[in-house]
Amino acid sequence: QVPSARTDSERALLSLRDHPRCVDLAMYILSSSGDPLARFQAAIALQHVVATKWVGMDAEFRYGSHSLRVWIVTSLAQLYSRMENYERREWLRIEGIISSRAMEEEPKESFAGFLSYLCDGLNSEGGSADLSTVCAQALSEIVDELTAKDPRKADKIEADEEAVSSKRRDFTRDHLVFIFIAAAKAVATLRTNVIPSCVAIIERVLSSQIGTRTFYTGGATDREEVNRLTHLLHSWQEALKVLADYVDHLFKIYDACKIADGDMSDLMRSCQNSMVYASGIQPEVLGQPGTVILKIVHQMEERNWSHSESRDERLAYAEFTKSLLGTYNLEGLIEMESRLLQCLAERTVSSIPLLASGGDEDDRSFNIETRDVYLEAWAKLCLSCDTHLREELNEVVNTIFRAYVQSELLAAEYVVEEQDEEEQEELEDESREQVALEWAAILARFSVSRGTLYYLGDLISNYADSYERQAKCSIITQEQFYRLVMLAGFVLSDGDDSYTSIPAAFGGLVEVPNH
């Protein structure tokens, strides 16, 4: 177009909002024009008409089966791939405003029908990708309206505000779960085109005051709907193999769960399990191993999971560490990120002593279990370590072993409170303690060149001297002495009770006499 013609066209588009047939013309421009700017101006004009002349429009056109909002979704799906992002956003914004206005006057059944139309389009197996994308984005706009403290309105409708607010709450309570579950189903299909919008829906519902209460005012049925999302999220584990962005989406949902009203522990645990699962996927299977793993580590570090007040988060971090060390081994970790090994080691060292102290008996038992996960993780890494990489790991393992010893001394302080356990529980505890001692012994032997034997020997010597000097030792001191001697026994011997032998790791430290 020549400049004068373009100016005339722009002037005509800007005056479109005042035209008596604005709606028809805007619809025609959207469906027929190849000019993105023209379609954008048509959307702005239509938004103005919806805001100012809504009441005068025919009821069928406002919220019927052939309403303007249905036409917009259908048209956008047909044109989506040819539209600019700014056009799409404006037309979808109109969709949200129309739905918000219609909600304040239409029958509940009508609104439910429209939601069903969008949810069917979102999860249709044979539908087009563009239709599912548009439906996902439209549902996201509607959820924003349903959960907003001050819903968007270009113009206030002359109506009883208290009645409108009551009706909005009624709509929210009845339909928000429906949208929530549709979004969860779409997430489980792993279609990348709908994931961002559906995650936004889930996050908004969980984190909004209206949304979270919805799930706990409707009885068991609503709770079951939330549980369904927990099961669906297991599919995300497979998605992590190929798409690093799923990590961010999982943490968005997880964070929303933490501030939601009610018990979201099952859903949170499902997210945690997905992250642990990702660390165990073989590098050759995981499409972007470095990106995915480092994103998870970054997100966990940002939230301080290893030292979290939540014991589930502490255990998840330990399980993640164990899975990661077992899958990638030392060489793989160094190749992925040189700082990663040091980061995991520092978190382990600072966590282990804390896990042995504080809390009630149940907390301490859970914490010791978490500590033992760390022990197993690093012990198995030692067993799989190639000879030429031992030096890389020696000092790290030495530090972890010393942290474990300190945790044992701290744990002994609570032994008096645990004297009245049942016999079966005592046997289980002894078995768990023995396994932990075996893992710790592996750490001590691996890093023997860093003085682990001397460290343990000095501690035992100090406790022995203290024991001899005092007429009566406290039960805590006795327990600490006992634990050190037990650990030394495991460190100094290999094999079962019948065939113990000096560990091969001590070969250079033992002088064999001539025969």
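Of the 515 residues in the chain, 48% are buried, where buried means under 20% relative accessible area, exposed over 50%, and partly exposed in between, with a 1.4 Å probe and protein chains only. This is a predicted model, in which local features need pLDDT of at least 70 and side-chain atom pairs count only at pLDDT 80 or more, while totals for chains, interfaces and linings use all residues. Residues are numbered from 1 along each chain as its sequence is written, and side-chain values use heavy atoms, with hydrogens and water left out.

The chain has 23 helices and zero strands, these being DSSP runs (H or I, at least four residues, for helices; E, at least two, for strands) numbered from the N terminus.

The structure holds four aromatic pairs, a pair being rings of Phe, Tyr or Trp (its six-membered ring) with centres within 6.5 Å, counted as stacked when the planes are under 30 degrees apart, edge-to-face when over 60, and tilted for the rest. One of them, phenylalanine 114 with tyrosine 117, is stacked, at 6.3 Å centre to centre and 25 degrees between the planes. Because these two residues are three apart in helix H7 (residues 108-123), about one helical turn separates them. Phenylalanine 114 is buried at 3% relative accessibility, whereas tyrosine 117, at 29%, is partly exposed.

The rings of tyrosine 254 and tryptophan 305 form a tilted pair, with centres 5.2 Å apart and planes at 50 degrees. Since tyrosine 254 lies in helix H14 (residues 245-258) and tryptophan 305 in the loop between helix H16 (289-303) and helix H17 (311-336), the pair ties together parts 51 residues apart in sequence. Ring pairs link Phe251, Tyr254 and Trp305 into a cluster.
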